[in-house]
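Please read the following report beside the sequence and the 3D view. Its headings go from the overall make-up to single residues.

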Amino acid sequence: MESIEYFLLLTGAIFCAYRATVSRRILSSTLYLACISALTSVVIFMMGATQVAVMELSVGAGLVTVLMVYALSVVGEDALDPISVIPKPLALGLVGAVTILLAWMVYPAIQSAGLTGSVDLASVLWQQRVLDVWIQIVLIFSGVMGVLGLLSERTPGHSEEVHQ
Amino acid sequence: MNFSPLNIILIGIAGLLGVGFYGLLITRNLIKVVMMLQILIKAVVLALVFAGKISGNLGLGQSIAATVIVADTIVFGAGSTGAPPFWHLGCTANFHVERLIWLAT
């Protein structure tokens, strides 16, 4: 039963990814991307990583979609999409070969593993990987400052106000 | 090959990576390229959690996946708010391939 659930969720995610790739309208691709995030977060939740699943759902399906729609509202749907110089059959063959080789290399490594593991995120995050937390804090701070700087409108300086 | 949950998740991760790479190869629109990178990021997050699960250290996998999500979101947020004036220009992702073809001919 668990295998069927994983199969349905991941098949849906791959289908949405394919539709996001070949869809002509960018807004449709954005919605397919949100569906991928939702399905992926359900899979992550089923694997026991509940915190990351919540982050993926709120950020991937929520924030990223909102930002993408905002960017589309600024740019419009008529962005340039020239034809790729790589033929589609060649791209499909290359990607298929790489994907099969990757799965073939990883497959023996997972046969001896089980689906059980510790779920002690707090001790790992705040003790063993505390540097990651600091990096995340710096990233969030710099990202917020950068976005505020990009979105701020230029105001006339003090000297210009004096001359006026 | 039996279709246990582990194998199905592995196939799903490989499939998402494959579709993401395929999209990167066939599209030149900068917005679509960013979307394909998002698909790749989702596959990577799934792979990190999966690796933590099968190695018996799910906390470590979650920690690294959370860092990847935060970094991805910050980069995407800055890009989506700062890059729109340049998105009309299209993508130069395979500009180097074009240049190689031009040099070869």
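## Basis of the description

This is a predicted model, in which local features need pLDDT of at least 70 and side-chain atom pairs count only at pLDDT 80 or more, while totals for chains, interfaces and linings use all residues. Residues are numbered from 1 along each chain as its sequence is written, chains are lettered from A and ligands numbered from 1 in the order in which they are written, and side-chain values use heavy atoms, with hydrogens and water left out.

## Chain A as a whole

Chain A has seven helices and zero strands, where helices (H or I, at least four residues) and strands (E, at least two) are DSSP runs numbered from the N terminus. Of the 164 residues in chain A, 31% are buried; buried means under 20% relative accessible area, exposed means over 50%, and partly exposed lies in between (1.4 Å probe, protein chains only).

Among the contacts in chain A with a separation of 6 or more, 57% are between residues 24 or more positions apart, a contact being heavy atoms within 4.5 Å. The accessible surface of chain A is about 10,300 Å², and carbon and sulfur atoms account for 70% of that area; accessible areas come from the Shrake-Rupley method with a 1.4 Å probe, and for residues only the protein chains shown count as cover.

Val130(A), Leu131(A), Trp134(A), Ile135(A) and Ile137(A) make up a nonpolar patch on the surface, and together they have about 490 Å² of accessible area. Patches consist of residues with over 30% relative accessible area and no salt bridge, with like charges joined within 9 Å and nonpolar side chains (Val, Leu, Ile, Met, Phe, Trp, Tyr) within 5 Å. Ile137(A) belongs to helix α6 (residues 130–151) of chain A, and with 46% relative accessibility Ile137(A) is partly exposed.

Leu9(A), in helix α1 (residues 2–22) of chain A, is buried at 16% relative accessibility. Leaving aside residues up to four places away in sequence, Leu9(A) touches Leu39(A), Val42(A), Val43(A) and Met46(A).

## Helices of chain B

Helix α1 (residues 5–26) of chain B has 22 residues, which at 1.5 Å a residue should span 32 Å, and its end C-alpha atoms are 31 Å apart, in agreement with that value; the expected span is 1.5 Å times one less than the number of residues. In α1(B), 18 of the 22 residues are buried.

Val70(B), in helix α3 (residues 58–82) of chain B, is buried at 11% relative accessibility. Not counting residues up to four places away in sequence, Val70(B) touches Met55(A), Gln136(A), Leu139(A) and Ile140(A).

## Two lysines that meet chain A

Over all chains, a search of the whole structure finds one salt bridge, meaning a side-chain nitrogen of Lys or Arg within 4 Å of a carboxyl oxygen of Asp or Glu. Lys42(B) and Glu56(A) form a salt bridge whose closest N and O atoms are 3.4 Å apart. Because Lys42(B) lies in helix α2 (residues 30–54) of chain B and Glu56(A) in helix α3 (residues 50–75) of chain A, the pair joins two chains. Lys42(B) is buried at 3% relative accessibility, and Glu56(A) is buried at 4%.

Lys32(B) also lies in helix α2 of chain B and is buried at 5% relative accessibility. Its side chain reaches the backbone oxygen of Ser23(A) at 3.0 Å, and among the residues that Lys32(B) touches are Ala20(A), Thr21(A), Ile26(A) and Ser29(A).

Definitions and conventions:
A polar contact is a pair of N or O atoms within 3.5 Å; within protein, one must be able to donate a hydrogen and the other to accept it, and residues adjacent in sequence count only if both atoms are side-chain atoms.
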